[in-house]
Amino acid sequence: MPLHPRAAARLVIFARQIFELAMPTLFDKVWDAHVVTSVPGGAQVLYIDRHLIHEVTSPQAFNGLRQRGIPLLRRDRIVATADHNVPTKDQDKPIAEPLSRKQVEMLTTNCAEFGVELYGLGHPYQGIVHVIGPELGITRPGITMVCGDSHTSTHGAFGAIAFGIGTSQVEQVMATQCVLMEKPRKMRINIEGDLQPGVTAKDLILYVIAKLGTGGGTGHFVEYAGSAIRSLSMEGRMTVCNMSIEMGARGGLIAPDQTTFDYLEGREFAPKREEWEKAVAHWRTLPTDADATFDIEYTYRAEEIPPMITYGTNPGMGMGVKDRIPQASALHGEASMEKAMQYMDLEIGKPMEGMPVDYVFIGSCTNSRIEDLRLAGSLVQGKRIAANVTGIVVPGSQQVAKQAIAEGLDRVFEAAGFEFRGAGCSACLGMNEDKVPAGRYCVSTSNRNFEGRQGPGARTILASPLTAAAAAVAGKIVDVREFKI
Amino acid sequence: MNPFKTLTSTAVPLPIEDVDTDQIIPARFLKATTREGFGENLFRDWRYDKLNQPKENFVLNNPTYSGEILLAGANFGCGSSREHAAWAIQDYGFRVVVSSYFADIFKGNALNNGLLPVTVSPTVLDEAFRTIEQNAAARFTVNLEEQTFTNEETGTVTGFEIDEYKRTCLMNGYDDIDFLLSQREKIEAFENQRLDYSL
């Protein structure tokens, strides 16, 4: 007698469950340990360990709580900072722009009213939310973490499940410490081999996004693996995970290892003494089991990755610095390419190497950590930036700024003609006054080259801190591998 | 949240792929602290020039097209997680966005606000674009109860997927937060059975 279709479907689900239980991935282990309950239809109530908030996506959530008359469930799970809207000059003075000032002040009053820890302007821990979480040891392996910001994927570098949410969900997490979500599908991206000299984690992720497109990761959580990933520092891993969202992935993560533990040990809020030992023992159990399977898997060779730049108006429109701008393809249709070329005032089939640039921005949650500043600093040391270039360096946090100053990097940048600013999101998204004027080209270490992202009409070329620094000195797009340091 | 059951309307075509939320609502308009009023800046830089004059060639400025359905190219809503994008689309007057696929965060934000994202095949989407090109007054029906999208001009009826729980929420105007609050006991039990939830 043939099996009833419903019974057959149940058998398949049962078999898959057994399969998954037997061979879980890093993502499965962390996700499954945080499921409070499942809802008929597929969604799950996922417990959130850490919630980061900032001034832009939280005011409506606090208002919602007030209107409903409900308190925060776990205020010790939330940390707030002001980053998107803050000026990067004169940070000790009141914010000049009235709307920005109002929004930042509202964060302060909301945090005071609801009892949330705030690292606001002037606090030594203030900075870009995705820079301060890791550097304070708030981010750690095996936890779930959310923030009303798509680049929350950054924290996945520690083997955490971290993803961006909208303001309604910010309110939900405030009220219940949970989100309601279907478990995403699993993707693994392996990068094997060694990166060439002059090629960084930023080039690696721009290369992957150029291969998969801005929608290639939609519906998935990505695990980055392979020898090239394992060789990266935590800063490099954060750069990679940060840009997972730029291929549409819900988040990215990397198995925790000795590099992770060494980075975290001794940080402000990292576990201490016996707690540390217990934590590390637990974290060592998290990596993906050898025979675990993924819904989709890609493998690339690290040696094949060149220094990357973008030519278009989304992060998937990237190419090697020596390449010519490609024709329309399955990833970028003719209409998209035409629109992008018109906005960027560039031409299909032409190279970009040698093209003059006007601005260089070194900063953002992608590339504003101390290692990024050291890398860019090593290139500009003893040199001057070109007369046609305006260069700004914006450290990711007060702590990064302090460290950079202690190492003399501020003087290196200033001697070269860069401005060295205070911490914040700055010209990555042009919410404050740090904008690129219309029609100007900016080589930027940030994450998005969308139309108008750095200011109305601004033309963004995404690149690594090394390529950006080289462009500043040369005054044009250059291949950093050939650049005389 | 207003309940959604069925809608028949003309549609506004935006046949561009990878429309990111920075285009839907640029960052400089995110300084508001309430959910209202974002509609006037929907697609601000595509809609208005530097002097704040409407750009004639942009579809929202073309009086030929109107309706409560926005028909958009693949990967709609990619980029920033800003829920302001969903608020802006809704505040402008759209109740449904149809595309061949949506970015995950945008889709979640839309659902949390009662703005219905309808995913159809690229073929169905292309046909809808062609239909509007031939007749701007063409009507489309989105029936949430039956989970169908109908091109009233061609008669093409196609099903769309939506999470069963989410469908119930939308049809009744329920928020996730009401449901999550009702799970409070389970959430606290979960916290208590964890050895150390900070690890």
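**View 1. Asp28(A) and Lys186(A) form a salt bridge, with their closest N and O atoms 2.9 Å apart.** Bear in mind for this and every other view that the model is predicted. The two partners come from distant parts of the chain: Asp28(A) belongs to helix 2 (residues 26-32) of chain A, while Lys186(A) belongs to strand 9 (residues 185-192) of chain A, 158 residues apart. Are these two residues buried or exposed? Both Asp28(A) and Lys186(A) are buried.

**View 2. Here a salt bridge joins the side chains of Lys278(A) and Glu275(A), at 3.3 Å from N to O.** This time both residues sit in one helix, helix 11 (residues 273-283) of chain A. They are three residues apart, or about one turn of the helix. Glu275(A) counts as partly exposed because its relative accessibility is 31%, between the 20% and 50% cut-offs.

**View 3. Lys322(A) and Glu482(A) meet through their side chains in a salt bridge of 2.9 Å, N to O.** Lys322(A) is in the loop between strand 14 (318-320) and helix 12 (334-344) of chain A, and Glu482(A) is in the segment after helix 16 (465-474) of chain A, so this pair ties together parts that are 160 residues apart in sequence. Lys322(A) has 39% relative accessibility, so it counts as partly exposed. Glu482(A), at 47%, counts as partly exposed too.

**View 4. Now for the place where chain B touches chain A, a contact made by 54 residues from chain B and 78 residues from chain A.** Together the two chains bury about 5,200 Å², and 56% of that is on carbon and sulfur atoms. Polar contacts turn up as well: 29 residue pairs across the interface. On the chain B side, several helices each supply at least two of the touching residues, among them helix 3 (84-92), helix 4 (104-112) and helix 8 (184-193). Sorted by type, the chain B residues that touch chain A come to 19 nonpolar, 13 polar and 22 charged.

**View 5. Let's zoom in on the salt bridges between chain B and chain A.** How many are there between the two chains? The count is seven, while the total over all chains is 37. One to look for pairs Arg453(A) with Asp22(B), whose closest N and O atoms are 2.9 Å apart.

**View 6. Some salt bridges link up into a network that includes residues of chain A and chain B.** Chain A brings Arg68(A) and Glu171(A). From chain B come Arg35(B), Glu83(B), Asp175(B) and Asp178(B).

How values were computed. Residues are numbered from 1 along each chain as its sequence is written. Chains are lettered from A and ligands numbered from 1 in the order in which they are written. This is a predicted model: local features need pLDDT of at least 70, side-chain atom pairs count only at pLDDT 80 or more; totals for chains, interfaces and linings use all residues. Side-chain values use heavy atoms; hydrogens and water are left out. Contact means heavy atoms within 4.5 Å. Buried area is the accessible area (1.4 Å probe) that two parts lose on being put together, summed over both. A salt bridge is a side-chain nitrogen of Lys or Arg within 4 Å of a carboxyl oxygen of Asp or Glu. A polar contact is a pair of N or O atoms within 3.5 Å; within protein, one must be able to donate a hydrogen and the other to accept it, and residues adjacent in sequence count only if both atoms are side-chain atoms. Helices (H or I, at least four residues) and strands (E, at least two) are DSSP runs, numbered from the N terminus. Ala, Val, Leu, Ile, Met, Phe, Trp, Tyr, Cys and Pro count as nonpolar, Asp, Glu, Lys and Arg as charged, and the others, Gly among them, as polar. Buried means under 20% relative accessible area, exposed over 50%, partly exposed in between (1.4 Å probe, protein chains only).
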